[in-house]
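Trainee: Could we go through this model together? I would like to begin with the sheet and then move to the other chain.

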Amino acid sequence: MSRLAIGTRVRVRDLIHTGHRRTPVYVRGREGEVVRVVGPFLNPEQLAYGSKGLPAVTLYRIRFSQREVWGGTYAGAAADTLDIEIYEHWLEPVAAH
Amino acid sequence: MERPFHDLGGSEAGPIDRTEHPPSFEEQRIDAMLMLLSDQRRRLIRVDEHRRTMEQFGENFYWQLSYYERWLHSITSLMLEKGIVSRAELEERISRIEKERAAP
């Protein structure tokens, strides 16, 4: 079951690195918005060790502002966005600004 | 937060080499092995296990290897790890091939 609805503001958690992880460092701690509930998938962070990957985890497409992700080093337009798919256990909802 | 060596997103990488590199016969064989080992019928390797294994090479070994060499070492490690091929079988086969190649 998906816990986060489209439009929810979320922050990417900064979980420990140990083991196979599927969320790149550059989005950790960043805030974005759920733009699509992709659906449930076997957990790749478990499949990596030969398990069955259960329980399945919901994958979401999250949209970030490029300026938010890269800070002062981003030279593109303020409206530029980055979409990246992230599993639910990496996401926590944040209060609306 | 510290970045794992294989997590490269956003780091400086210089210009991108856009020339085409047709795969060699050897690379095609490595590709075929992984496809066969991970197909629906065999399911001996999951792509996530393959990625995890390459991440575990350690930074020095990882960067010494070409793209398909990483695949080959991952396939070998996973076959050993899962007990599908034993270390003795692997070594016996390598030494047999070396002898065949050395023969006039």
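Trainee: In what order do the strands of the open sheet in chain A run?

Mentor: The order is β4-β3-β2-β1-β5 in chain A, five strands forming an open sheet with antiparallel pairing; strands here are DSSP runs of E of at least two residues, helices are runs of H or I of at least four, both numbered from the N terminus, and two strands pair if DSSP finds at least two bridges between them. The edges are β4 (81-87) and β5 (91-93) of chain A, each of which pairs on one side only. This is a predicted model, in which local features need pLDDT of at least 70 and side-chain atom pairs count only at pLDDT 80 or more, while totals for chains, interfaces and linings use all residues. Residues are numbered from 1 along each chain as its sequence is written, and chains are lettered from A and ligands numbered from 1 in the order in which they are written.

Trainee: How many bridges join β1 to β5 in chain A?

Mentor: Three bridges join strand β1 (residues 9-12) of chain A to β5(A), and the two run antiparallel. Across from Glu92(A) in β5(A) stands Arg11(A).

Trainee: Switching to chain B, which elements does it have?

Mentor: Chain B has five helices and zero strands. Its radius of gyration, taken over C-alpha atoms, is 17 Å, well over the 13 Å that the globule rule gives for 104 residues, so chain B is more spread out than a compact globule; that rule is 2.2 Å times the number of residues to the power 0.38. Along the principal axes, the C-alpha atoms of chain B fill a box of roughly 50 × 35 × 30 Å.

Trainee: And what share of chain B's residues is buried?

Mentor: Of its 104 residues, 11% count as buried, meaning that 20 or more other C-beta atoms, placed from the backbone, lie within 10 Å of the residue's own, whereas 12 or fewer makes it exposed and anything in between partly exposed. In α5(B), the number buried is zero of 16 residues, so this helix lies largely in the open.

Trainee: Where does Tyr68(B) lie?

Mentor: Tyr68(B) lies in helix α4 (residues 67-81) of chain B, and Tyr68(B) is partly exposed, with 17 other C-beta atoms within 10 Å. Not counting residues up to four places away in sequence, Tyr68(B) touches Glu27(B) and Ile30(B), where contact requires C-beta atoms, placed from the backbone, within 7 Å.

Trainee: How many residues does each chain bring to the contact between them?

Mentor: Chain B brings 12 residues and chain A brings 13 residues.

Note on methods: Contact = placed C-beta atoms within 7 Å.
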